[in-house]
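This briefing covers a strand pairing, a turn and the surroundings of a ligand. Please look at the sequence and the model below before reading on.

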Amino acid sequence: MTVSVNRELCYGSYECAFRVPSVFTTADGLGAVIPGREDTDDDPGVRETAERCPSQAIGLG
Ligand code: SF4
């Protein structure tokens, strides 16, 4: 499963970095995927975080 953050949509609530700090971080005031963590196992926590992102900025592939 691949994970990405659409920086056009994200507004920097940081909920992703708070919920799953092993995958998400913050960069330049926005949420981001930690470099090297774009490919993750099918993690329910990541899926839930994507569903709960207030701007629907987290993409799963
Ligand atoms: S939860 Fe969504 S809006 Fe908030 S920082 Fe993460 S990607 Fe951005």
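**Strands and turn**

- T26 has G31 in β3 as its bridge partner; strands are DSSP runs of E with at least two residues, numbered from the N terminus.
- β2 (24–27) and β3 (30–33) run antiparallel and are joined by four bridges, where pairing requires that DSSP finds at least two bridges between two strands.
- The two strands β2 and β3 form a hairpin with two residues between them.
- D28 lies in the loop between β2 and β3, and in this turn D28 has a positive phi of about 55°.
- D28 counts as exposed because its relative accessibility is 74%; exposed means over 50% relative accessible area, buried under 20%, and partly exposed in between, with a 1.4 Å probe and protein chains only.
- The C-alpha atoms of D28 and G12 are 9.1 Å apart, while the residues are 16 apart in sequence.

**About the model**

- This is a predicted model, in which local features need pLDDT of at least 70 and side-chain atom pairs count only at pLDDT 80 or more, while totals for chains, interfaces and linings use all residues.
- Residues are numbered from 1 along each chain as its sequence is written, and side-chain values use heavy atoms, with hydrogens and water left out.

**Ligand and cysteines**

- The ligand is surrounded by 14 residues, and the closest are C10, S13, Y14, C16 and C53; a residue counts here if one of its heavy atoms lies within 4 Å.
- C10 is buried, with a relative accessible area of 15%, and C53 is buried at 14%.
- The structure holds zero disulfides, a disulfide being a pair of cysteine sulfur atoms within 2.5 Å.
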